[in-house]
Amino acid sequence: MRWLATCLILLIIAPVSAAPVQRPHIETELIPEKTSLRPGEPATVALRLKMEKRWHTYWKNPGDSGLPTRINWTLPQGFSAGPIQWPAPRRIDVGPLTNFGYEGEIFLLTDIQVPAGLPAGTAMPITARADWLVCEEICIPGDATFNFMLPVSNEPATADPKWAKAIERTREQLPRPLEGWNLDAYQRGDDLVLRMSSGQARVARIHNLTLFPDQDGWIENASPQRMIRTAGGYELRVASAAAMRSKPGPLTGLIVAQPGLAQGVAAAVVTVPVESATALADEILQQPALSPFAHLGLLAALGLAFLGGVILNLMPCVFPVVSIKVLSFVEQARGHPARLRAHGLAFAAGVLASFWVVAGILLALRAQGEALGWGYQLQSPPVVAALALLFFVLALNLSGLFQVGASLQSLAGKLRLRNDYADSALSGLLATLVATPCTAPFMGAALGFALTQPAIEAMLVFSALALGMSSPYLLLCFWPVLIRRVPRPGRWMETLKQVLAFPLFLTVVWLAWVLGRQAGVDAVARLLTGLTMVAAALWMVGGRGASTETGKRAAMIAALVLAVAGCVFAWPGNKTAEAVAEEVGGPWKRWSPDALAAARAEGRAVFVDFTAAWCVTCQVNKRLVLESDALQARFEERNVVRLRADWTNQDAQITAALRDLGRMGVPVYAVYAAGSKGAPTLLPELLTQERVLRAIDEAAPPP
Amino acid sequence: MNKLVAASLAVSMAVPVSVAQAAVAPGQAAPEFSLVDINRKVQKLSDYRGKYVVLEWFNSECPFVQKHYESGNMQALQARYTQKGVVWLGINSTSPRHSNYRDPARSQAILKEWKSAPTAFVLDPDGTVGKQYGARTTPHMYVIDPNGTLVYVGGIDDKPSISQRDIATAKNLVAAALDESLSGKPVGTPSAMPYGCSVKYDN
């Protein structure tokens with residue numbers, strides 16, 4: 001009987017959950033997680049907000065505009081509601097402003113304390129009024145009041161099956177305290193810098209690191225947040241708000257990253273005191289972007305990039321390839337101005353496209369937090385080996401060991417023409433490839449600027465560089481007067497081609513040397529063996545080995561096998577040999593932030609050579625200028641500390657230091673004056689003895 | 001060194017800046033501007049040197065602006081302080097391409113309906129001045145002293161909400177800044193979080 005009564009009561013007061021409420025652009029609903037209350041146990045209630053596509057509601061700090069969603073509870077005596085447990089928000093850009101909020105469907109959870117002495121069998125009324133602002137381009141405020149009754153039962157409460165999963169998932173994804181990372185923050189220049197270090201040998205890969213402060217006024221909400229991979233972890237740089245200096249207390253907020261900050265933790269709650277740079281004794285922290293170029297405008301950067309591109313043609317890595325190109329222009333298009341122009345354009349398109357590809361990869365990897373700079377392609381031994389192979393084959397071709405596309409010559413002129421244009425575009429690509437190890441004057445500043453800009457501006461800078469590099473050919477092709485100064489094609493061209501093979505062979509030697517620095521002498525031996533095999537294969541293709549048809553076919557197959565075997569054999573793998581890269585010895589000490597800080601703390605002048613084995617400009621400067629007796633004597637006389645930062649292989653610390661100097665590639669020469677705590681002077685990419693002597697005089701004046 | 005910074009800043013101005021990068025703070029000089037008002041008269045900030053000036057970012061279609069106008073709150077502030085010699089400039093930085101844009105004639109009608117009485121109401125359709133001041137929301141309020149220095153930047157009051165009921169219990173920070181300034185005292189709260197709709201800038 002009693003059992004029946006209970007059943008009846010339960011039936012009457014079964015949970016009257018509030019039905020979904022439709023409001024403009026949003027559907028809302030208040031959902032108790034469990035179908036009954038248990039005395040003394042907290043109960044979770046979820047406010048479900050489902051926004052129309054492109055509409056959003058706000059996090060507790062709404063960002064540049066907007067208003068957080070609020071819930072006002074009316075509860076029976078003895079009950080109390082906790083705060084909203086906010087899921088991690090996302091950045092929502094509205095024109096030039098940025099908000100922090102939610103799109104799609106979300107559940108805002110609130111825990112309600114249920115008093116212990118509640119009699120079972122009764123039912124409790126829960127009332128809540130929710131206020132929200134839902135915005136797309138325009139904003140519409142809304143509110144709704146929800147009522148429901150929940151029965152009280154001493155039995156364990158069961159979950160409402162309809163929403164249990166969604167609520168559980170929301171709870172799992174709630175931000176948790178940060179574990180496994182050490183965090184500190186400081187103000188550097190206009191940036192708030194958040195440093196995360198894992199203290200482990202292998203730093204977990206994360207990307208899209210984003211900071212959401214709990215309060216407005218810490219950061220410029222709309223400024224892009226820049227994530228950088230450092231030696232021990234990551235660094236996040238965020239433009240700080242103008243009013244930040246007056247903010248009391250530590251910075252509290254969330255950090256969010258993909259795939260997560262720890263196993264199953266996508267968002268973490270952080271509290272970190274923000275030290276001002278002046279309060280930090282650590283001097284390294286006081287190196288904001290010091291070069292005057294760091295504040296370059298876009299126009300100035302484009303101009304410098306263009307100029308750098310033009311000069312790039314004269315650098316030792318590009319010149320031989322380019323002379324071949326000029327020759328082929330003369331040959332292919334003499335007397336046909338229109339054809340000549342088309343060749344010029346095809347070449348420029350090739351250069352542009354390859355710059356875009358290389359820069360695109362660079363930007364994409366950077367966006368994921370990889371510490372990379374210009375020249376990253378050559379920091380990988382397989383790429384160096386592949387380049388060596390390419391140049392070797394090219395040089396053999398020029399020497400006349402074999403002909404490419406000889407059979408094509410018998411085809412219709414039209415087809416051949418098309419093939420020629422593709423050839424011009426390919427030479428453009430080749431020119432870009434060989435240009436990477438060289439940094440021309442002005443290029444460093446422009447690339448450094450590109451680094452700090454959003455992707456579109458960065459791509460514009462790279463495009464200007466590409467246009468600058470191809471501009472001499474465009475000029476040549478659009479003003480054939482210039483090309484008429486070149487003698488008529490004839491026997492001399494064949495001879496010149498064969499002569500030009502030799503600089504290319506030298507390039508191969510240089511690449512082999514770079515590979516040796518990166519991967520050791522064994523890798524070089526394998527490369528050279530591989531090259532020999534490829535040479536033999538090409539010799540067979542040249543048809544010198546056999547006279548009969550069958551013999552030729554057999555030779556072709558053998559050649560193919562040999563060539564593939566050669567390539568496989570030459571493949572160096574991605575292992576890099578740490579110690580062999582750049583010489584650090586004699587008067588040159590290895591650079592590290594600590595070594596630099598120590599030398600400066602002693603009040604000595606410091607000269608830092610940021611270099612790499614694959615950087616031809618660096619090597620030229622080193623041999624001709626830096627290692628000269630006159631300079632070494634002057635360094636000694638003035639007690640200048642010489643540090644060498646070797647970027648031959650990837651090195652996050654050096655990349656970070658370059659970035660601080662406003663650069664993204666080598667060479668960079670930084671001179672720190674004796675006894676000064678200020679910014680270093682940056683020397684031009686092409687050194688002269690006079691310039692370095694003057695820099696030494698300025699940094700360490702004669703006693 | 002300062003010259004260098006100034007020069008590089010001048011160069012960097014060639015690049016379009018985001019709202020935030022250009023934001024101004026209390027204690028800084030208020031950037032000069034020259035905008036046409038809805039009566040086709042040119043309003044220059046420097047014309048009002050020697051007087052307190054209030055800048056009010058406005059968008060009649062924004063529910064937060066409506067909160068302060070439909071309650072009569074904003075009109076009361078305008079009347080009270082213009083009587084004391086304060087110059088009150090309403091500014092609308094809404095882009096003509098946005099659905100919230102109202103042309104000068106329509107703006108005049110709306111202001112009349114609301115009995116709004118600012119000293120002048122100016123239009124900033126390309127958003128230049130709004131971005132220069134870092135105006136984020138409507139309303140976003142600025143108080144400038146007779147020397148042209150900003151003494152208050154931020155929200156109209158300290159209760160970010162959409163509800164008119166909250167006006168009575170909120171502390172009006174613009175009124176506080178003006179009262180303190182007019183009686184020769186330093187401003188107690190020189191900046192606060194602005195709240196409202198985003199300014200509908202041209203992208």
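Buried residues, defined as those with 20 or more other C-beta atoms within 10 Å of their own C-beta atom, as placed from the backbone (12 or fewer counting as exposed, and values in between as partly exposed), make up 43% of the 203 residues in chain B. In chain A, 44% of the 703 residues count as buried. The structure is a predicted model, in which local features need pLDDT of at least 70 and side-chain atom pairs count only at pLDDT 80 or more, whereas totals for chains, interfaces and linings use all residues. Residues are numbered from 1 along each chain as its sequence is written, and chains are lettered from A and ligands numbered from 1 in the order in which they are written.

With helices (H or I, at least four residues) and strands (E, at least two) taken as DSSP runs numbered from the N terminus, chain A has 18 helices and 25 strands, and chain B has 7 helices and 9 strands. Contacts are assigned where the C-beta atoms of two residues, placed from the backbone, lie within 7 Å. Among contacts between residues at least 6 apart in sequence, those joining residues at least 24 apart account for 78% in chain A and 77% in chain B.

The model scores ipTM 0.76 and pTM 0.59. For chain B, pLDDT, the predictor's confidence in each residue on a scale from 0 to 100, averages 87, and 89% of the residues score at least 70. Where pLDDT is low, the predicted coordinates should not be read in detail.

Tyr142(B), when residues up to four places away in sequence are not counted, touches Leu55(B), Tyr133(B), Leu150(B), Tyr152(B) and Val153(B).

The buried residues, Pro63(B), Phe64(B), Val65(B), Lys67(B), His68(B) and Tyr69(B), pack against β11 (139-151) of chain A together with α3 (73-83), β6 (137-138) and β9 (197-198) of chain B. The helix is followed by Gly72(B), whose phi is positive, near 80°.

In chain A, 5 strands form an open sheet of mixed pairing in the order β21-β23-β22-β24-β25, two strands being paired if DSSP finds at least two bridges between them. Strands β21(A) (588-590) and β25(A) (681-683) stand at the edges, each with a single partner strand, so one side of each is left without a neighbour in the sheet. The twist averages 30° from one strand to the next. Strands β22(A) (residues 606-611) and β23(A) (residues 641-646) pair in the parallel sense over 6 bridges, and Thr611(A) stands opposite Asp646(A) in β23(A).

Helix orientations refer to axes fitted as lines to C-alpha atoms, for helices over the stretch in contact, with angles from 0 to 180 degrees between N-to-C directions. Helix α14(A) (residues 593-601) lies across β21, β22, β23 and β24 (668-672) of chain A and runs at about 160° to β22(A), whereas helix α18(A) (residues 689-699) lies across β24 and β25 of chain A, at about 170° to β25(A). Helix α15(A) (residues 616-626) has 8 of its 11 residues buried, so it is largely enclosed by the rest of the structure; what covers these buried residues includes β22, α16 (629-637) and α18 of chain A. Within α18(A) is Arg691(A), which is partly exposed, with 14 other C-beta atoms within 10 Å. Leaving aside neighbours within four places in sequence, Arg691(A) is in contact with Leu683(A) and Pro684(A).
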